[in-house]
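I opened a new model today and kept notes as I went. Each entry records what I looked up.

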Amino acid sequence: MTFPNGTTKAFVIARLGRSPARLSTLHEALRCVKRVHYSDDSMTTSPDKFTCTRCGNCCRGTGYVYVSTDEVDRIAAQLELPTDDFLETYCATHRGHLVLKSQENQDCVFLEDNLCRVHDVKPDQCRKWPFWRSVVETYSGFRHAKSYCEGLKEFGYRDFVRVAEEEDVHPGH
């Protein structure tokens with residue numbers, strides 16, 4: 001395992017006295033990662049939690065929102081559509097998985113005026129943002145997400161990992 005700044009698992013074990021077995025869990029890795037120095041953590045503030053600014057940037061551009069049949073049923077009910085109509089209008093497949101369609105400009109089909117039309121029943125993938133595995137576990141993933149997510153602008157990586165850990169977040173995606 002190599003952490004975002006190039007630190008290896010062996011270094012962390014030696015430096016922090018962690019055994020390989022204990023370091024294998026996500027939360028243990030997060031505890032160790034937050035002790036490693038990152039260049040963008042020279043902020044003067046330390047946010048206590050992530051707050052969505054409703055910028056809508058996480059819903060823009062290319063990408064896929066994967067949906068389960070349960071999520072399809074919830075969203076269809078919210079929109080008062082029969083499931084078959086919902087599937088035909090709002091869903092497609094990507095590599096054998098059900099996904100939400102995008103607008104012509106590649107934004108999510110449910111993004112309107114920076115808000116989600118189905119916010120109360122949005123898919124788990126969306127609900128878990130920004131606590132995706134690729135954002136929590138990798139510095140490069142965090143930096144990429146921070147480049148467009150207004151809610152992450154106040155965070156350094158260590159602070160974000162701390163918040164994920166304190167919220168007992170179980171990253172998805």
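**Notebook: one chain, entry by entry**

I started with R143, which sits in helix 8. Is R143 buried, partly exposed or exposed? R143 is partly exposed, because its relative accessible area is 44%. The model is a predicted one, so every value here is computed from it.

Y157 is 14 residues away in the chain, and the C-alpha atoms of R143 and Y157 are separated by 8.0 Å.

**Entry: the whole chain**

I stepped back to the overall layout. I found nine helices and four strands in the protein chain. Reading from the N terminus, I noted the order α-α-α-α-α-β-β-β-β-α-α-α-α. The chain has 173 residues, and 40% of them are buried.

**Entry: the largest pocket**

Next I looked for open space. The largest pocket holds about 1,000 Å³. I counted 45 residues in its lining, and those closest to its centre are C58, C59, C126, W129 and W132. Which elements give two or more residues to this lining? They are strand 4 (115–116), helix 6 (124–127), helix 7 (133–136) and helix 8 (139–146). Helix 8 is also where I found R143. I sorted the lining by residue class. It has 23 nonpolar, 16 polar and six charged residues.

**Entry: Q125**

What does its side chain meet? A polar atom of the Q125 side chain lies 2.8 Å from the backbone oxygen of Y64.

**Entry: the cysteines**

A disulfide is a covalent bond between the sulfur atoms of two cysteines. How many disulfides does a search of the whole structure find? It finds zero.

I wanted a reason for at least one cysteine, so I took C149. The closest cysteine sulfur to that of C149 is in C55, at 5.6 Å. The two sulfurs would have to be within 2.5 Å to count as a disulfide, so C149 and C55 are too far apart for a bond.

Are C149 and C91 buried or exposed? C149 is buried, because its relative accessible area is 6%. C91 is buried as well, with 7%. The cut-off for buried is under 20%.

Technical notes: Residues numbered from 1 in each chain as written. Predicted model: local features only at pLDDT ≥ 70, side-chain atom pairs only at ≥ 80, totals over all residues. Heavy atoms only, no water. 1 Å grid on protein atoms, 1.4 Å probe; cavity = no way out; pocket = protein on both sides within 12 Å on 5 of 7 lines; lining within 4 Å. Points joined across faces, edges and corners; volume = space filled by probe spheres on them. Nonpolar A, V, L, I, M, F, W, Y, C, P; charged D, E, K, R; others polar. Buried < 20%, exposed > 50% of the residue type's maximum accessible area, 1.4 Å probe, protein only. Polar contact = N/O pair within 3.5 Å; in protein donor to acceptor, adjacent residues only side chain to side chain.
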